[in-house]
Amino acid sequence: MIFIICDILFLAFKEVDNMQESSISEKIKELRTDLKMNQKNFSVAIGIRQSTLSSYENGVVTPSNDVLLTIAQKFHVSLDWLFGLSENKVQISTLSDIIWVLLQMNESNELRYELDINNKLPGDIETETQKWYAGLRFYGNDPEHSLNADMCNFLADLQENRESLESYFTGKDMFDMWKKQTLEYYTSKPVTHKEIEELDFETRIRKRDELLTQKFSNNEQK
């Protein structure tokens, strides 16, 4: 009886290991695909051979902990997500992680934010009416960026729920419930990433001149 139980436990743990390995291989491939990177570029980024990456993605070889840590740090993803233990893909532990999210958002096809910067103060002195600040502005009716309206709605909801939490009208449990429901809702709205063109010097200068000419023409019409 003892041997039978041991065999069952062994098979159970083996099945868990197989599921975990499968999850890791799928997550690595999913991450690479989301980043619009081919195997060659991704493998170079994490310091391994392309053939090794291929064996990871095919589930033939399990990445070492050092490799997984490199992937997590390089691409700002959670180790728990890589292991299939969490649905939260992005790991936020440093300011670099937040900046990385903003940079990724900047390359989104469906979102566009304008930068609102006020860093030129008279005498570099803040007053009650002149503050040093920086902000992101989304235009909800932007026809070229379909998720801007959703972002505006989310930020309005965030403001309302945060104020309710900070003014003690609602508790942490209600705020956490709102966060969970919000994340689940927006999961159904995919984001794609645009490719940044690699232009030679002459092409870049030509495109810059065309853009400046167009802006100058638009200003004259106004």
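**Exercise 1. Is Ser 25 buried or exposed?**

Solution. Start with where the residue sits: Ser 25 belongs to helix H1, residues 2-34. Here helices (H or I, at least four residues) and strands (E, at least two) are DSSP runs, numbered from the N terminus. Next, look at the accessibility. Ser 25 counts as buried, because its relative accessibility is 7%. The cut-offs are under 20% relative accessible area for buried, over 50% for exposed, and partly exposed in between (1.4 Å probe, protein chains only). Finally, check the neighbours: leaving out residues up to four places away in sequence, Ser 25 touches Tyr 56, Glu 57 and Gly 59. Contact means heavy atoms within 4.5 Å.

A word on the model before going on. This is a predicted model, in which local features need pLDDT of at least 70 and side-chain atom pairs count only at pLDDT 80 or more, while totals for chains, interfaces and linings use all residues. Residues are numbered from 1 along each chain as its sequence is written, and side-chain values use heavy atoms, with hydrogens and water left out.

**Exercise 2. Find how many helices and strands the chain has, and their order.**

Solution. Count the elements: the chain has nine helices and two strands. Then read from the N terminus: α-α-α-α-α-α-β-β-α-α-α.

**Exercise 3. Describe how H7 and H8 are arranged.**

Solution. Two packed helices are described by the angle between their axes and the distance between the axes. Axes are lines fitted to C-alpha atoms, for helices over the stretch in contact, and angles run from 0 to 180 degrees between N-to-C directions. For helix H7 (residues 148-166) and helix H8 (residues 172-186), the axes come within 10 Å and cross at roughly 170 degrees. H7 is therefore roughly antiparallel to H8. Angles under 35 degrees count as roughly parallel, over 145 as roughly antiparallel, 65 to 115 as roughly perpendicular and the rest as oblique. Now sort the residues of this contact: six are nonpolar, three polar and four charged. In this sorting, Ala, Val, Leu, Ile, Met, Phe, Trp, Tyr, Cys and Pro count as nonpolar, Asp, Glu, Lys and Arg as charged, and the others, Gly among them, as polar.

**Exercise 4. What is the phi of Lys 36, and of Asp 124?**

Solution. Lys 36, in the loop between H1 and H2, has phi near 60 degrees. Lys 36 is partly exposed, with a relative accessible area of 45%. Asp 124, in the loop between E1 and strand E2 (133-138), has phi near 55 degrees. Asp 124 counts as exposed at 69% relative accessibility.
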